[in-house]
Amino acid sequence: MPLVTVLAIVLSGCSSTPPAKTPTSAPNGTVAQGGTVTIGVWQAPTTLLDAGIVGNLPFADVIAAPVEEGLLWYRSTAATATTSSEADYWSPDLATAVPTLADGGVQTSGCADAAAMCVTWHLRQGVHWDDGSALTSHDVCDTFAFHWLAYGALGKPSPTPLWSTTGWNQATKCTELDPSTAVVDFKSQYGPYLALGSGVDGILPAAVLDPIMASGGNLESSAASLDLTKGSGNAAAFKGTASLGTVLDGTGPFVMSSDTPGSQVVLVRNPNYWNQTGLARLDKIIFRIEPDLATERKDVRSGAVQVGLNLGLAALPALDAAVRAHTAPLTVDPVAGSGAEVLMFNLCAADGGLCDNPAVQENEDTADAAIRKAILLGIDRHAIVKAVAPGVTTVPSDSWMNLGASYLDGAAIPTTAADPVTANSMLDAAGDTRNAKCGTAPDGQAFRAAKDGTCIVINLGTSSDDPVRVSVESMIRDDLAKIGINVPAAFAPNAPAARFFSTFAAGGPLATHAFDMALYTVGLGLPGEPDSYSSSWHGDCGGACLNADAIPSSADLGVGMNFSGLNDTQLDTDLDLARNSADLTARAHEYTLAGQRLATLLPAIPLYQQVIVNTYSSSLYGVEQNDLVADFDTAAWYCSGGNCAG
């Protein structure tokens, strides 16, 4: 049978409504204390600093989130479904307020040293690190110094191989006004300022940073004497000599106990947590390092792990069926993500030469706006949703910038419905006519030739180890054949994810623009912050903005993630104006314009909103979902009678 037919049969067990969500409270209303939860981790970090410091691995965030806090913290996906500002995506954490221009926490005039912008952070008092030292403004300023001021601002390379200093490099000074007040100066207005110092690993302990920076050491490998029983008061906490690459020193509701590389990371309850009304209810969290995703799926169904994260859409039908048949002690909780599964086009033929791949697979047809519009009309996105995830996702508007940034929902952006009749007429009118020399489509009509007489053949590729994406490829191929566009059955570049998403230097097909169309997920990396899309869409501005150029090429050593090669002056202007404004209202306006421009240009077609499939033990309660950091609220988790096994 055709692959699409097989997919439809496999997924026929899916409900048209979302599977049952994890209850937020126990049936009898009793909040139990105690118990151990095991969370499966199928992509193990090489170091605990992969949570945004030397790497950017989501599972490193998951391991660190119960321990490492920041100035601001995440809110649940449900709480941000309707928002009026990107500030609504954050809640005060180590800071007592979310600073904005409107409340005076941010200034763009009257700053000391004539700074273009300054942000004042008021810190909570009485907070202690697990090592026993007190949280003060010195920790905040040390963190900014570590990321930029101590090295980058002076033109010296950091001894620690930082994953990125983007944003931090706008900071020029951090002043400790008093122990509970820090002021950060910026050389220009920097719109995404809320993310700096916020979230997992947002603020680092000065007690550890000070001696390492003084000696020019590497944070990942420099050992320190750490007694985490001092601050936490838990005798099971770590005590010994280690680096922050292997031991977490935080301020959160849990404290590090042990790290057994390749096996497990153990966290225990922090009874001295600063938020005494939000003390952790569980005794222990064990992160079990799984060898692969298949093993984690098996362990989720057997109950060997009580929490499974990011298990993939392909696992959803079987998991849902197991729950309904009562053969697995779990609940399935798909959460809408801050992004979309997209069909990305390679537009490098229109980029003025910046995309310098030898063009083994480049196809200039994808640089034709009329062809891209026809493809949008030709693909039945609702049929794709019905096949891959009925009831748990939707078709976005033609630009998906509002996904995960709901304050942009009011933008007048259409959601184009499938209309193959109009698509055919559009291609005919553009001179892309059917030609017998180009072969015959399944409906008996000829495939199309472009205006110059060359046959329109557009390759399609994806990560071959994702069965849902491979299935969607066949759906797209069948839809486009109906409008005369030939997508070869030998999908290319199909490759395992490690190869498909590999770097420019490693010859990755996306980074080197060696594709015509590609399927993958594009989304926000930060709560409610569309600035991350600058790395997906910013062009070369005719050579006038090399610092913002996000198109990977030999000219910029492969920096950036603008795999499409889109190069549009108006879009670049909108993205730049949004980045260079501290006014959150003005930023929302510019991102609205950027979203409208993307819907017009169509460098990519959003197929459906991203879905993250998580599972939880049926005995686990108190869970609130966040699509970026699934365990942001572990202090509220508890198990029925202290037994988490289900």
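## Salt bridges and a helix pair

Aspartate 531 and arginine 579 join their side chains in a salt bridge, 2.8 Å from N to O; the term asks for a side-chain nitrogen of Lys or Arg within 4 Å of a carboxyl oxygen of Asp or Glu. This is a predicted model, in which local features need pLDDT of at least 70 and side-chain atom pairs count only at pLDDT 80 or more, while totals for chains, interfaces and linings use all residues. Residues are numbered from 1 along each chain as its sequence is written, and side-chain values use heavy atoms, with hydrogens and water left out.

**Salt bridges**
- Aspartate 531 sits in the loop between strand 16 (517–523) and helix 13 (534–537) and arginine 579 in helix 14 (residues 569–579), so the bridge ties parts 48 residues apart in sequence; helices (H or I, at least four residues) and strands (E, at least two) are DSSP runs, numbered from the N terminus.
- Aspartate 531 is buried at 7% relative accessibility, whereas arginine 579 is partly exposed at 23% (buried is under 20% relative accessible area, exposed over 50%, partly exposed in between, with a 1.4 Å probe and protein chains only).
- Glutamate 86 and arginine 587 also form a salt bridge, at 2.5 Å from N to O, and both are buried.
- The structure holds 16 salt bridges.

**Helix packing**
- Helix 8 (residues 369–378) packs on helix 10 (residues 420–429) at about 165°, with axes 8 Å apart; axes are lines fitted to C-alpha atoms over the stretch in contact, and angles run from 0 to 180 degrees between N-to-C directions.
- Residues making the contact (heavy atoms within 4.5 Å) include Ile371 and Leu377 of helix 8 and Met426 of helix 10.
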